Amino acid sequence: MSQDQVEILQRALKREKAARKAAEKILEEKSRELYFTSQKLEQLLDEKSSQLQGVFENIIDAYVVMDLQGNIIKFNEAATKLFGFDIERESVNVINLIYKEDYEYAITSFMQLQSNGYFKDYEARVYTKSKEVKWVHINASVIFDKDKNPVAAQGIVRDITEFKNLEIQKEKLLSKLEKSNDELQEYAHIVSHDLKSPLRSIHALVSWLKEDNINSLDKASLKNIELIELTLEKMEQLITDVLNYSSVGSDTSLREEIDLNGLVSQLVSILYVPENIEIKSLNILPNITGDKTKLQQLFQNLISNAIKFIDKEKGTIIIDVEDVNSHYKFSIKDNGIGIEKQFHEKIFKIFHSLKKSKDSTGIGLSIVKKIVNLHEGEIWLDSEPNVGTTFYFTLKK
Amino acid sequence: MKGIVFTEFLELVEDKFGLEMVDNIISSSNLESNGIYTAVGTYSFSEMLQLLEHLSKNTGISIDNLLLVYAEHFFSVIENSYPGLLATYKDPIEMISSIENHIHVEVRKIYPDAELPTFEVIEKTDNNLIMVYKSSRAMHHFGLGLMNKTFEHFNSTATIELEKIKEDGTEVRFVINKN
């Protein structure tokens with residue numbers, strides 16, 4: 001081997017050694033880097049774990065983790081309290097917690113969890129350890145590993161027993177209320193009918209009595225008989241009104257498009273309006289959706305009230321309407337005797353008639369209020385004694 | 001530039017032209033590293049240029065052709081060291097078109113600071129592929145060599161044309177037609 005070749009080899013060897021040292025140095029640096037990175041990751045993991053642990057422990061709802069076979073792996077404190085099991089000491093499978101009547105629903109939801117990866121707003125009953133039945137609301141989702149394989153499922157379970165009980169109680173009360181309402185209405189019908197027939201008999205008997213003794217009775221007695229007849233008529237009217245009032249609240253109301261303008265003009269032509277009273281509309285009344293008979297009753301009551309209480313020589317009744325967004329606001333204004341402020345609320349209550357007269361039973365305005373309420377409206381008034389009264393009411397469009 | 005490109009290059013030079021040639025091109029270049037390379041180190045690209053230039057001068061082979069031969073050698077390094085990577089492909093067009101999205105992703109896992117060229121797929125059918133290579137190193141023939149070997153690996157051949165988009169070779173269109 002020549003000197004040159006030896007030197008080339010020596011240089012190559014030197015480079016190889018130096019390269020090896022450089023590689024070792026890089027390796028050391030990488031090791032150190034790796035160490036610090038893993039330190040950092042561990043710290044991050046600790047932090048995240050502690051955060052999660054905090055959520056797990058502090059969450060008010062019960063938090064449950066189970067494996068894919070339904071065996072419970074984790075309970076937070078709320079879950080332990082709710083179900084009563086100590087899962088560190090006893091093994092529990094969710095299948096055994098399902099209330100028997102909700103089994104099918106539970107299986108359907110479980111299948112949904114498997115196919116969609118989650119289910120929401122599951123509401124059913126569960127058994128606790130002491131075999132108590134509780135209503136729960138559950139949102140659940142599948143936990144996946146990093147390769148997207150399902151490994152477990154987690155659920156947030158809320159105890160809604162109290163809420164459910166209240167709901168059930170409410171439903172019971174409602175149906176009870178409905179029933180007693182129906183009964184009451186039926187009762188009113190029967191009572192009215194049963195009251196009317198003896199009234200009619202009395203009426204007939206009294207008129208026979210009058211006819212048979214028209215010559216032998218003195219003036220005072222005839223006057224009293226006349227008063228009996230009037231009272232009987234008033235009583236019959238009262239019963240009719242009670243019957244009307246009790247049927248206003250029934251759900252049998254028909255909802256259709258009603259031309260109020262036509263309805264009111266027809267009404268005015270039918271009603272007895274004394275010659276000294278003028279009824280006019282300032283605007284064309286709109287069409288609304290409602291029950292024709294009841295709306296007719298509403299306008300009839302208010303207009304005839306106005307007619308009834310006009311004491312002026314020249315009476316005017318003004319009907320008007322105004323569009324107020326979702327409702328129409330109607331007004332019926334008269335120049336009658338007026339109503340004192342203290343009675344403004346009272347008059348809408350049943351049997352509150354301010355004027356004792358033969359054609360006033362004190363039921364009309366309470367029917368009016370009921371009809372307005374049925375059309376999602378309100379009724380109120382403005383009035384000055386001796387000057388006049390304006391009734392305002394709103395009806396839903 | 002990653003050390004593995006230097007160590008494999010010098011090994012090939014030693015293999016083809018002997019240790020004297022290695023000694024010669026290192027001694028005649030002005031190298032910051034003094035010619036000491038380890039696969040896991042990182043070195044200046046200008047060192048590779050000098051080594052290539054001196055080898056070209058001493059052998060009379062153009063730099064492009066040297067790069068082509070070197071790439072063919074380098075493919076065998078990949079074949080031996082990373083057989084798993086090649087096994088994920090069944091077709092050369094598939095493999096070449098996924099340089100950017102797969103192969104370079106894998107390279108970065110081992111060499112996070114590697115400065116890699118980009119290969120943008122312009123057109124791709126079952127048998128044809130048009131890509132644009134971009135790199136300040138202008139080592140398009142290194143790419144060409146790797147592509148040739150890729151077809152060979154899958155027992156196939158192709159006609160690969162290079163069109164320089166930029167005169168200095170930093171942007172080159174590869175038009176690949178499988179035979």
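**Reading a helix pair, a sheet and an interface**

Tutor: In this predicted model, helix 7 of chain A passes helix 8 of chain A in a left-handed crossing.

Student: Which numbers describe the packing of helix 7 and helix 8 of chain A?

Tutor: Two packed helices are described by the angle between their axes and the distance between the axes. Here helix 7 (residues 292-308) and helix 8 (residues 364-374) of chain A pack at about 140°, and their axes are 9 Å apart. Because angles over 145 degrees are needed to count as roughly antiparallel, helix 7 of chain A is oblique to helix 8 of chain A. Among the residues making this contact are Leu298(A) and Leu302(A) from helix 7, together with Ile367(A) and Ile371(A) from helix 8. By class, the contact comprises 7 nonpolar, 4 polar and 1 charged residues.

Student: What is the strand order of the open sheet in chain A?

Tutor: The order of its 5 strands is 2-1-5-4-3, and the pairing is antiparallel. Strand 2 (72-75) and strand 3 (118-127) of chain A stand at the edges with a single partner strand each, so one side of each has no neighbour in the sheet. On average, neighbouring strands of this sheet are turned by 30° against each other, direction ignored. Strand 1 (residues 62-67) of chain A is joined to strand 2 by 3 bridges, and Val64(A) stands opposite Phe75(A) of strand 2.

Student: How many residues of chain B are in contact with chain A?

Tutor: There are 10 residues of chain B in contact with 9 residues of chain A. On the side of chain B that touches chain A, the residues divide into 5 nonpolar, 3 polar and 2 charged.

Methods. Residues are numbered from 1 along each chain as its sequence is written. Chains are lettered from A and ligands numbered from 1 in the order in which they are written. This is a predicted model: local features need pLDDT of at least 70, side-chain atom pairs count only at pLDDT 80 or more; totals for chains, interfaces and linings use all residues. Two residues are in contact if their C-beta atoms, placed from the backbone, lie within 7 Å. Ala, Val, Leu, Ile, Met, Phe, Trp, Tyr, Cys and Pro count as nonpolar, Asp, Glu, Lys and Arg as charged, and the others, Gly among them, as polar. Two strands pair if DSSP finds at least two bridges between them. Helices (H or I, at least four residues) and strands (E, at least two) are DSSP runs, numbered from the N terminus. Axes are lines fitted to C-alpha atoms, for helices over the stretch in contact, and angles run from 0 to 180 degrees between N-to-C directions. Angles under 35 degrees count as roughly parallel, over 145 as roughly antiparallel, 65 to 115 as roughly perpendicular and the rest as oblique. A crossing is left-handed if the near helix is turned anticlockwise from the far one by less than a right angle, and right-handed if clockwise.
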